[in-house]
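Welcome, and take a moment to look around before reading on. The short tour below goes from the sheet to a few single residues.

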Amino acid sequence: MTGPVTTTAPSGARAALRRLRAEVAKAVVGQDAVVTGLVIALLCRGHVLLEGVPGVAKTLLVRTLAAALDLDAKRVQFTPDLMPGDVTGSLIFDQRTAAFTFREGPVFTNLLLADEINRTPPKTQSALLEVMEERQVSVEGERRPLPDPFIVAATQNPVEYEGTYPLPEAQLDRFLLKLTVPLPEREEELGVLRAHHAGFDPRDLRAAGVRPVADASDLAAARAEVRMVHVAEPVLGYIVDLCRGTRSAPALELGASPRGATALLNAAKAWSWLAGRDHVTPDDVKAVARPTLRHRLRPRPEAELEGVTVDAVLDSVLATVPTPR
């Protein structure tokens, strides 16, 4: 997924969100595509699964994006002993008042970085699932809504699975996008070293020059504009045909669900809006198909043994499903 190309003059909200890339680049080098994916998630009120080896600045990326949007961000390191209350919050007995008070957990934020989400047991994953789907926390029968905007950016390590709890399909389906955070190119990695050699401190974003270039009001205005993006009937049919194509792919035992089709529609609308268009094209759908669908598909064991990847299956589906003119 690369950056969308501008076709019309940007609105105020669009211009504000486009400035994010340059601002995030002050601290994070070479991750424009991931930044775009996170912005799409914010526009769609969706969650993101970030996959990459340790040390590619996943945590720094989320913190910098939050600073550039003037939003609150919190990080939770998921571990095997993490309890649901450690994430959502819990009731605490106050001896001074002889009453229970609710102590908010880290989910009461705008951007929650769930680090190594697959290292926590299913019970805690289930508590996070309610937070992601309902955008609220229920404790002792009382519902407490989360701030708006709120998204979860969860990370997992693609090469280390010892001591992990694989995410259930129902939870994977709740993520709008799965973004691969790549290793930087040589020149980009040199830029990282030069910045650290010059005194860059990833814990002090203000010293790195990162400033808010947009805020929650810009995001709310942008969401309203994204909802107005037009989608023609043939493009709606194309989205459905792509998802149905994954269900009949011989290499897959699980294809994209109707929720996946809805996610693809919303992501394509946000992509089109960022590009300056008021309508979705088939190319917009293709641009976001891989990050929107790849985590919703499960290859057959025999296909995995043969080295077939989900992205390769998606490439095949995109190449065979007729594109509307």
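Where is the place of P149? P149 sits in the loop between β7 (142-145) and β8. A cis peptide bond links D148 to P149, with omega of about 5°.

## Before we start

This is a predicted model, in which local features need pLDDT of at least 70 and side-chain atom pairs count only at pLDDT 80 or more, while totals for chains, interfaces and linings use all residues. Residues are numbered from 1 along each chain as its sequence is written, and side-chain values use heavy atoms, with hydrogens and water left out.

Helices (H or I, at least four residues) and strands (E, at least two) are DSSP runs, numbered from the N terminus. Two strands pair if DSSP finds at least two bridges between them.

## The five-stranded sheet

Let us begin with the open sheet. Its five strands come in the order β2-β5-β8-β1-β9, with parallel pairing. At the edges are β2 (73-77) and β9 (175-180), each pairing on one side only. From one strand to the next, the twist averages 20°; axes here are lines fitted to C-alpha atoms, for helices over the stretch in contact, and angles run from 0 to 180 degrees between N-to-C directions.

Helix α2 (residues 32-44) packs on this sheet and touches β1 (47-51), β5, β8 (151-156) and β9. The direction of α2 makes about 175° with that of β9. Contact means heavy atoms within 4.5 Å. As for the pairing of β2, five bridges connect it in the parallel sense with β5 (residues 111-115), and L112 in β5 is the bridge partner of K74.

## Inside the sheet: β1

What covers β1 on its two faces? H47, L49 and E51 on one side and V48 and L50 on the other are all buried. Buried means under 20% relative accessible area, exposed over 50%, and partly exposed in between (1.4 Å probe, protein chains only). Five of the five residues of β1 are buried, so the strand is largely enclosed by the rest of the structure.

β1 has a parallel partner in β9, joined by five bridges, and L50 stands opposite L179 there. β1 also pairs with β8 in the parallel sense, over four bridges; here V48 stands opposite A153.

## A hairpin

Now for an antiparallel pair. Strand β3 (residues 89-94) and strand β4 (residues 99-104) pair in that sense over six bridges, with L91 opposite F102. The two strands form a hairpin with four residues between them, and A98 in the turn has a positive phi of about 55°.

## Buried residues to look for

K58 belongs to helix α3 (residues 58-68). K58 is buried yet has no salt bridge, and D115, the nearest side chain of opposite charge, is 6.0 Å away. A salt bridge is a side-chain nitrogen of Lys or Arg within 4 Å of a carboxyl oxygen of Asp or Glu; Lys and Arg count as positive and Asp and Glu as negative, while His and the chain ends are not counted. The K58 side chain does reach the backbone oxygen of G52, at 3.1 Å. Leaving aside neighbours within four places in sequence, K58 is in contact with L50, G52, V53, T155 and V181.

L177 lies in strand β9 and counts as buried because its relative accessibility is 0%. Not counting residues up to four places away in sequence, L177 touches G37, I40, H47, V48, L49, A267, P291, T292 and H295. In helix α2 you can find V39, which is buried with a relative accessible area of 5%. With residues up to four places away in sequence again not counted, V39 touches L17, L20 and L274.

## Two loop residues with positive phi

Which loop holds D70? D70 is in the loop between α3 and β2. Although not a glycine, D70 has a positive phi of about 55°. At 53% relative accessibility, D70 counts as exposed.

E116 is found in the loop between β5 and α5 (122-134). E116 is not a glycine either, and has a positive phi of about 55°. At 22% relative accessibility, E116 counts as partly exposed.

Methods: Polar contact = N/O pair within 3.5 Å; in protein donor to acceptor, adjacent residues only side chain to side chain.
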